[in-house]
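Hi everyone, thanks for coming.

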Amino acid sequence: MSLGTAATRTTNPLLLGLLIAVSAYVVATHRSPAPWARSYSAFAKLAFAVLLIRLVFAVALGSPIPGTHVLLTLPEIPLPHWAQGIRLGGEVTAEALVFAAYDGLKLATLLICVGAANALASPSRLLKSLPGALYETGVAVVVALTFAPHLIADVQRLRAARRLRGRPDRGVRGLLQVGLPVLEGALERSVALAAAMEARGYGRTADVPARVRRTTAALTLGGLLGVCAGTYGLLTAEGGSYGAPLLLAGIVAALAGLRLGGRRSLRTRYRPDPWGPRAWLVTGSGVAVAALLTLASSRAPEALHPGVVPLTAPTLPLWPAASILLALLPAFVVPREHS
């Protein structure tokens with residue numbers, strides 16, 4: 001979230017490229033061989049597709065950016081009077097393409113930062129670190145992740161059995177013939193798992209007064225709304241003044257609600273994941289990058305948002321670029337995982 005926030009504060013392609021390079025280096029040095037670590041390449045491809053689509057839209061639908069450097073002229077399709085302000089085809093200027101490239105690269109960088117988080121964060125550790133109030137949600141996700149491989153294995157086994165018997169395993173008929181046994185096996189496993197979990201005490205809660213339950217719901221709901229509104233403010237240039245205070249207030253309220261909600265969950269934690277100095281350094285490095293680029297966007301907006309009219313080459317501002325290099329800290333303070 002911090003690097004994504006930093007990416008939304010600039011359209012300078014040099015700074016955005018530096019953000020991509022920093023996140024890619026951290027992923028390359030610390031990515032594990034686990035299946036979720038492959039998501040970074042998928043997000044990178046999605047980011048490249050978003051950039052191409054933004055450029056195609058700028059060429060086909062035109063751009064409100066005026067320009068004098070005409071690259072090519074496409075046949076323009078006349079539109080009715082009620083579609084004024086929209087055009088299909090026409091002149092394609094270098095200024096419009098550069099503006100679209102800057103805008104698309106900002107969104108692509110945001111997607112790549114999210115992909116880095118998905119590639120580096122272990123889902124099992126995330127579920128293990130859930131607070132007590134989200135205990136039922138964590139159990140449901142764990143059960144879903146456990147059952148998914150069994151469903152895939154059942155489908156493959158039944159399709160192979162039908163092929164050996166000379167029966168079709170494709171089409172609507174094959175899908176019905178395979179889907180019903182898979183569904184039956186999933187229901188049998190779910191009933192057995194529910195009985196085993198009930199015997200071990202899963203789902204039992206403590207008696208909590210109604211006043212505490214209402215306070216918990218109000219704090220949690222209000223906190224999550226504050227987090228959403230604050231995050232939106234941080235990701236938009238117009239909400240920079242209210243985004244950080246609203247996000248902080250939402251986090252505090254949500255944590256208080258989760259703390260109260262944890263009282264109704266009677267459970268212990270096996271080998272809890274400690275939040276140590278390395279975790280604080282990783283978090284602090286990301287927050288520092290977001291804060292420094294937010295400050296730079298207000299102090300030196302012309303360096304973080306290079307102009308396109310007139311068309312000028314972007315320059316690399318030194319201290320914003322140096323602040324982005326702080327995001328390399330996790331690559332050196334966190335020990336690498338060995339397969």
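Asp-103 has 30% relative accessibility, so it counts as partly exposed; the classes here are buried for under 20% relative accessible area, exposed for over 50% and partly exposed in between, with a 1.4 Å probe and protein chains only. Before I go on: this is a predicted model, where local features need pLDDT of at least 70, side-chain atom pairs count only at pLDDT 80 or more, and totals for chains, interfaces and linings use all residues. Residues are numbered from 1 along each chain as its sequence is written, and side-chain values use heavy atoms, with hydrogens and water left out.

What does Asp-103 meet in a salt bridge? That is Arg-54, at 3.2 Å from N to O; a salt bridge here means a side-chain nitrogen of Lys or Arg within 4 Å of a carboxyl oxygen of Asp or Glu. The pair links distant parts of the chain, 49 residues apart: Arg-54 sits in helix H3 (residues 39–61) and Asp-103 in helix H4 (residues 94–120). Helices are DSSP runs of H or I, at least four residues, numbered from the N terminus. Arg-54 is partly exposed too, at 25%.

In total there are three salt bridges. Asp-154, buried at 11%, pairs with Arg-157 at 3.3 Å, N to O. Those two are three residues apart in helix H6 (residues 135–164), so about one helical turn separates them. Arg-157 is exposed, at 52%.

Asp-154 also forms a salt bridge with Arg-189, with the closest N and O atoms 3.0 Å apart. Through these shared partners, Asp-154, Arg-157 and Arg-189 join into one network.
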